[in-house]
Structures are given as C-alpha cells and as structure tokens.
Amino acid sequence: MTTTPTTSARAAEWWKAQRTRVLWGTLIAVVAFVVIVVLARLLRGIPAIEAFIDAYPGIVPPPEGTPVGIPWWLGWQHFLNAFFLVLLVKTGLELRGRRRPPGFWTRDNTRWPRTRRAPRRLGIWLWFHLWLDALWVLVGITYVVLLFATGQWLRIVPTDWAVVPNAVSAALQYASLEWPTEDSWIVYNALQQLAYFSVVFIAAPLALVTGLRLSSIWPVEGPWASARTERMARAVHYPVMLFFLAFTFVHVVLVLSTGALRKLNQMYAARDADDWIGFGVFALSVVVMVVAWVVAKPPLLKRIAAKSGRVQG
C-alpha cells in the first residue's frame, strides 16, 4: 500500500530539487531590477527624454461620456478573479507535476447532460480545474457584459494612438521609481489601460482556448484534434499563466506602494476615500483565498465530485 506524500513533504522535495534555480532566479531578478532603475534614472537625466515625458505625461484624456469611479460590481469581480486565479494556479501546478491523480471521477451519464459516448474518466485535479475554468469563464462573461452595459469599457479599451507614447512614458516613470501622476478613480494611466486591455481581451481568451485544447473534453477526432494543435496550446497555456502571475504581482505591489488605503477602497469598496474599509474587505478576501487553498484537497474534492458521478481511488 502506497501513501500519498504530505503537502509539507512535497514542498520540501520541491525546494530540494529547485533550490539552486530559485536562488539564482532571485539573484538575477534583483540585479535586473537594480539595473533597470539605474538605467531609467540615467535616461531621465537626458533633456530629450524629459521633454518626451513632459509632452506625454502618461495619461490620455478619456473620451467624452466615460464614467467616473469604480462600481460595486467591479469590486466583486476583483475578488472573484483573484479567488479563481489562485485555485487555477494550484490545480494547474498539480496537473503540470504529472503525478498520478489521487482519485478519478466519471460523470453519471444517466443524468443531464446525457451523451451518446461513454463519459471519460478524469483525474480529480483535472475535474476541479475544469469546474474552476467554467466558473471563471462565467465571471468573465458577466464582467464583459457589465463592462459594455455600463460604459466602463471606455476606461480600459484604448481609443487613441496617443496611448502608446504615454504608456512608454509611464513605464519609464515607474522604472525610475518616480510614479506618474494619476487618479485611477477618474482615469487609468496609459500603461494601466494597456495592461488591463491585454488581460481582459487577449490573455483571458488565450487561457480559455488553450486550456480547452489541453483538456480531456476536447474532441479526439477532427482537424482540431491533431498533435500540432496540442503542442501549440501547450506552448501558449503555461506562459499565459506566468503572465497572469506577473501581472498580479506587479498589480499588488503598485497598489500597496501608491496609496494603499485609497486604492483598496476603490477596488474593493467602490469608494474614493482614505479610510480602512477597503483594506478590511481586501484582508477578508485574502483570508478566504488562503482557506480555499488549504481545504481544496483530494478528500474534500472527492466528496463533492461524488455528487455528480462515480469516484474511484
């Protein structure tokens, strides 16, 4: 009888195998950060660069009719997207580890939806990952519908080519550790706008399509079932996850370093204020995500999965 390694044992095993890579990666990241800051500050000492920043301060005036403020539903979207992203990363890492699943689930084909072919058996982590994907897509569809229904799309979709030089200017200002002047309650700076647009309209659809292609629910026959499309999907899906992680890390760092109380109020409480309400909501959401990460283990997942099919293992 084999025993499943505990989380701490697996973490220790991972650290032993990856320690050198992590330490070198951390050192390279720190050196790269210092070099970027020094270069940015040297560039800002050049008169032509300063003139460029004066001409393009980093903000493009929003189109007429752009709503002011962040609505309450966007605060819920912040929490739900972070919540599902955390669990998708957890399950994605489990799947990428290519270990034998701790259990298997087979859909009950006597219930809706019934299919002609016999249901496929899925590893419990893949079952959970697909359910998270479905819920995350539902949240995304709701977000896009509300985005266009309320006019909030004007805040994240570029409508002027001036966004490009302004984004370059904002990036240079961030890199020099002299933050660009901005008020995200009214308008995002150009770099924020391009980042949000990329996440919503490029990275998220790529994650969805490539994830479906790599899953076992993808048709096994037909022109889109070739090994070539699988290789392409695999080559894109993991880097997209890394992009989401990098975006989230930078996003959190900038929020905490550019007026944390006000930004958290805007993001989580739909208020343009400097009190602690938004921070309290944010802290509670972090607790919920940590609890979800800890309790999302095979025994619980198997009990939930058994309500809609047969669980083995």
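Mentor: Let us begin with the secondary structure. The chain holds 11 helices and 3 strands. Please keep in mind that this is a predicted model.

Trainee: In what pattern do these elements follow one another along the sequence?

Mentor: Along the sequence, the order is α-α-α-β-β-α-α-α-α-α-α-α-α-β. The C-alpha atoms fill a box of roughly 70 × 50 × 45 Å along the principal axes.

Trainee: What share of the contacts in the chain with a separation of 6 or more comes from residues 24 or more positions apart?

Mentor: Such pairs account for 71% of those contacts. As for burial, 33% of the 313 residues count as buried.

Trainee: How should I read burial within a single helix?

Mentor: The general idea comes from helix geometry. An α-helix has 3.6 residues a turn, so residues three or four places apart point the same way. Now take helix H9, which spans residues 260-269. Its buried residues are Lys263, Leu264, Asn265, Gln266, Met267 and Tyr268.

Trainee: Which helices do the buried residues of H9 pack against?

Mentor: They pack against three elements: helix H3 (72-96), helix H8 (227-257) and helix H10 (277-295).

Trainee: What happens in the backbone just after H9?

Mentor: The general rule is that most residues other than glycine have a negative phi. Just after H9, Ala270 takes a positive phi of about 55 degrees. Ala270 belongs to the loop between H9 and H10.

Trainee: Is Ala270 buried or partly exposed?

Mentor: Ala270 has a relative accessibility of 26% and therefore counts as partly exposed; the cut-off for buried is under 20%.

Trainee: Where does Leu177 lie, and what is its phi?

Mentor: Leu177 lies in the loop between helix H6 (163-175) and helix H7 (190-214). Its phi is near 65 degrees, a positive value in a residue other than glycine. With a relative accessible area of 44%, Leu177 is partly exposed.

How values were computed
Residues are numbered from 1 along each chain as its sequence is written. This is a predicted model: local features need pLDDT of at least 70, side-chain atom pairs count only at pLDDT 80 or more; totals for chains, interfaces and linings use all residues. Side-chain values use heavy atoms; hydrogens and water are left out. Buried means under 20% relative accessible area, exposed over 50%, partly exposed in between (1.4 Å probe, protein chains only). Helices (H or I, at least four residues) and strands (E, at least two) are DSSP runs, numbered from the N terminus. Contact means heavy atoms within 4.5 Å.
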